[in-house]
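Please look at the sequence and the structure below before reading on. The paragraphs that follow go through them step by step.

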Amino acid sequence: MSLLTVRAAANRMGVGYSTLKQWIHQGKIRTTRTAGGHHRLPEAEVDRMIAAREHPTAPVPSRRADRPTGLIVALSGRNQLRGFVEEVRIDGLLGQVRLRIGDQILTAVITTDALDELKLRRGDLALAIIKSTEVMIAREAEPHRPPKRRRAR
């Protein structure tokens, strides 16, 4: 995913720099921020805005306006674990969430922005959705048993 500066995105979209900055501050367009606090726009977001301008009957979804707050109706990830938030720690750009699932603890590191959006607090019910290219399965050793002796014929 390549990121564009605000000026480059504005030129590509055919709008003024100040207009695009207003849209960013109004939450109409999704951006990421550099370490220095400058906005960068993903090409996919710029393409979405261009498509929305070409088809004005389709409303441009606002980033902050009227987000669904209900249940997840469907999700393609099959590895879903339900548990309770045991601990939330935030340090700079990243946060750590510890989820108690039965008698097990799952730890996830996610961005502080994601934690702010999720509004996770200790004791909240949450889902861990695991998507991985590699999964390792292990088996614990069984207690040592002496080998069975064969009967002599």
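Arg-12 counts as partly exposed, with a relative accessibility of 39%. In this predicted model, its side chain meets that of Asp-47 in a salt bridge, with 2.9 Å from N to O. This pair connects distant parts of the chain, since Arg-12 lies in helix α1 (residues 6-13) and Asp-47 in helix α3 (residues 43-54), 35 residues apart. Asp-47 is partly exposed as well, at a relative accessible area of 38%. Buried would mean under 20% and exposed over 50%, so both values fall in between. A further residue, Glu-43, belongs to a network of salt bridges together with Arg-12 and Asp-47. In general, side chains of opposite charge can pair when their charged atoms come close. The structure holds six salt bridges.

Helix α1 also packs against helix α2. The angle between α1 and α2 is about 110°, and their axes are 9 Å apart. Angles from 65 to 115 degrees count as roughly perpendicular, and α1 and α2 are therefore described in that way. On the α1 side, the contact is made by Val-6, Arg-7, Ala-9, Ala-10 and Met-13. On the α2 side, Tyr-17, Leu-20, Lys-21, Trp-23 and Ile-24 make the contact.

Which residues of α2 are buried? In this helix, which covers residues 17-26, Leu-20, Trp-23 and Ile-24 are buried. These residues cover an arc of only 100° around the axis, so they lie on the same side of α2. The general rule behind such a pattern is that an α-helix has 3.6 residues a turn, so residues three or four places apart point the same way. Leu-20, Trp-23 and Ile-24 are also among the α2 residues in the contact with α1. After α2 comes Gly-27, which has a positive phi near 85°.

The next part to follow is the sheet. Four strands form an open sheet in the order β6-β5-β4-β7, and their pairing is antiparallel. The strands at the edges are β6 and β7 (125-130); each has a single partner strand, so one side of each has no neighbour in the sheet. On average, neighbouring strands of this sheet are turned by 45° against each other, direction ignored.

Within the sheet, β5 (residues 94-101) and β6 (residues 104-111) run antiparallel and are joined by eight bridges. Arg-100 stands opposite Ile-105 in β6. How many residues lie between β5 and β6 in their hairpin? There are two, and Gly-102 in the turn has a positive phi of about 65°.

The side chains of Arg-89 and Glu-87 meet in one, at 2.8 Å from N to O. Arg-89 is partly exposed at 44% relative accessibility, and Glu-87 is partly exposed with a relative accessible area of 23%. Glu-87 forms a salt bridge with Arg-98 too, where the closest N and O atoms are 3.6 Å apart. That pair links distant parts of the chain: Glu-87 is in strand β4 (residues 79-91) and Arg-98 in strand β5, eleven residues apart. Arg-98 counts as partly exposed, at 25% relative accessibility.

Conventions. Residues are numbered from 1 along each chain as its sequence is written. This is a predicted model: local features need pLDDT of at least 70, side-chain atom pairs count only at pLDDT 80 or more; totals for chains, interfaces and linings use all residues. Side-chain values use heavy atoms; hydrogens and water are left out. Two strands pair if DSSP finds at least two bridges between them. Buried means under 20% relative accessible area, exposed over 50%, partly exposed in between (1.4 Å probe, protein chains only). The arc is that of the directions from the helix axis to the C-beta atoms. A salt bridge is a side-chain nitrogen of Lys or Arg within 4 Å of a carboxyl oxygen of Asp or Glu. Axes are lines fitted to C-alpha atoms, for helices over the stretch in contact, and angles run from 0 to 180 degrees between N-to-C directions. Angles under 35 degrees count as roughly parallel, over 145 as roughly antiparallel, 65 to 115 as roughly perpendicular and the rest as oblique. Contact means heavy atoms within 4.5 Å.
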